[in-house]
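Please consult the sequence and the structure alongside the text.

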Amino acid sequence: MLPARIELGQIGTAVILLACAFWMSRRFAVLAFVLQLLTSMAFGAVISAVHTELGPAGIPTKTLYTTEVTGTIIGLEPRNGRIRATVHPSEITGIAPDRLNWNVRLSFLGDSALAIGDQIRANARLFPLRAPAVPGDPDFSRNLYFSNIGASGFVFGRQFDVLKNENPINNNILMGDIERARQYVSGAISDKMTGPEVGIAKALIIGERGEVAPDIADDLRKSGLAHLLAISGLHMGLLCGTVFFLIRFGLAAIPAIALRYPIKKWAAMAAMLAGLVYLGLSGATIPTQRAFVMLLVVWLALLLDRRAISLRLVGVAAIMVLILRPDAVLGASFQLSFAAVGALVAFYDGPGRRWLDRQGMLSWYERAGLYLAGLLLTSLIVTAVTAPIIGYHFGRISMLGIFANLVAIPVMAFWVMPLIVVTLALVPLGLHGLSLAVMKPGLGVLLKTADLVAAQDWGLWYVSGLDMLAVAFGLFALAWIIIWRDKVMIVPVIPVIVAAIIFQVLHKEPEILISGDRESWAVYDPDAGILHISAHPNDFQKDIWMSRFGIRPEQEESRVQTCRNDPCHLDVSANIVASQIIVASRIANPFYACRNADIIVSLQTDLPTTCQASGARMVIDDDVLWWQGGTAIKLPSAPDENPALKTVREETGNWPWIIIGGRAGR
């Protein structure tokens, strides 16, 4: 989040000095606590700096419109009717071989015959990592950079050859074996199952979501069940828990073993091994890695006869994840997982423990009612603590997800996940058809639940204009309260809550968005509630911008207007203060435009430097967009105000994954 990297030597020196200061002040509790926090933050900065230094170097900064890529396929994934391959290049025309220490992500036609380990030569177009289109949009380039992806692109039709595997990359042998196992399991599922359940089954078993139909994925998002598609703590916990239960149950049935050996620890070790296998088969994505680390801590606690579930172990898991992948902290996945897990552990380790301890004295139907009540309470807690994060990242919150999860979680726990364990055990024997047949109706229940809940439009709340600092301060306050769990300790965090409220009240969402690609743009009229967009916007970009202004998909026809004129003249107003805006690819008569408009945007040409002196309040031209990236402009809400400008360069900083104007940060 800093504007640029801090040198490793500088931040390392700061850690040493802060650690020494903490040790010297250890007799003074409050001062020592503050210094401990500062030391921890500085150490986090060291870890981030190390990962940044180890990131890919020499990545392309300009588009290679036609180039030849030779390399080894190390990953395959179906995606929207095409195949997305991760290639470790040995040669790229136009790039020196000694600069190829990174991977390339290429898109092939969907029926291309490719396999993990294939040596390929392809004619392709490669794009550099793309900075966010406008300030406030998601930054996908950062995730690609830390995933060692230096460029992405597509192959021209079928212009590729599969070469003989003569020079395998030795350090990718294990990865290749895992990927081949994933492809084998994928084929086994396709052979024995049909219908929309196939995509869901592959998403749950091998983490391959490319075959999930777009309408089904949208229903899952609207119903609050999208977390089922991303293999994370729920899936890993249920799978490992099933293995743990089955192994311990089986060993307990043999008195000669149960009375002489620590079968609980044996079952924990088997669950750890099952989790490791599942981690590999699911593609080892960041959420899955994080879930495995958290469960690994739990199983190690069992082996060491320590408490398996506590906030301390949640903290240990978070530290391990951040050491392995520090950039994860900025992603929705990390924030949602630890917010939910932290809140649930805090509850069930406190008031919830006293509530559940009484279930041993209840009848079976009372315990069943207690289980359903626990599911409802769990859904309420998770929804409450994750709503601000979901609203900030995705712009909408499913309030009916509470009830959808009351159906989905038991189905996953008692029907789908146990059968996934059985399926994985039977696939090597070729006997998985029966388990998949029994699993299919369970997946159908999930799909029908998602469809029913998603059809209730009133249950999906669209939110917009959430301030980043307000959400961050709010989450800090929530974390503080969860950690201390003491009424007295709420007092120190009250100023933080007040600051979050102030930041949100003062937040002003920009109404004019100009993409760095110098083609797409959007202008929102606050008083009329209308979003004006360019003639041919990218559908994905349009959806992000509609969500940003709180416009529902079904409102697109009435609240989104496409301007097909070039130049496009718009009259918009914020708080009854009118502004005349001109957006054009090229302005034939810039002096007329400068005298008759408040804000002028020239996407592909420069404007004279005297334009603002002629009367325009703000001028954005090709020069600004090329060197500063996309821009966001806040309209004046008072006659004496001027428009406020933010650029991608200003907001994202000078980092090696931010490539603007053909230059990468340092």
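The points below treat the salt bridges and then a loop residue.

The model is predicted. The count of salt bridges in it comes to 17.

**Salt bridge Arg5–Glu53**

- Arg5 pairs with Glu53 in a salt bridge whose closest N and O atoms are 2.8 Å apart.
- This pair connects distant parts of the chain, with Arg5 in the segment before α1 and Glu53 in helix α2, 48 residues apart.
- Arg5 has a relative accessible area of 24% and is therefore partly exposed.
- Glu53 is also partly exposed, because its relative accessibility is 43%.

**Salt bridge Asp622–Arg518**

- A salt bridge joins Asp622 to Arg518, and the closest N and O atoms are 2.6 Å apart.
- Here too the pair links distant parts of the chain: Asp622 belongs to helix α22 (residues 622-628), while Arg518 lies in the loop between β8 (512-514) and β9 (521-525), 104 residues apart.
- Asp622 counts as buried because its relative accessibility is 16%, and the cut-off for buried is under 20%.
- Arg518, with a relative accessible area of 23%, is partly exposed.

- Arg221 forms a salt bridge with Asp218, with 3.8 Å between the closest N and O atoms.
- Both residues of this pair, Arg221 and Asp218, are located in helix α6 (residues 214-222), where they are three residues apart, about one turn of the helix.
- Arg221 is partly exposed at 42% relative accessibility, and Asp218 is partly exposed with a relative accessible area of 22%.
- Salt bridges link Asp218, Arg221, Lys222 and Arg396 in a network.

- When residues up to four places away in sequence are not counted, Ser25 touches Leu31, Ala32 and Leu35.

Methods: Residues numbered from 1 in each chain as written. Predicted model: local features only at pLDDT ≥ 70, side-chain atom pairs only at ≥ 80, totals over all residues. Heavy atoms only, no water. Contact = heavy atoms within 4.5 Å. Salt bridge = Lys/Arg side-chain N within 4 Å of Asp/Glu carboxyl O. Helix = DSSP H or I, 4+ residues; strand = E, 2+ residues; numbered from the N terminus. Buried < 20%, exposed > 50% of the residue type's maximum accessible area, 1.4 Å probe, protein only.
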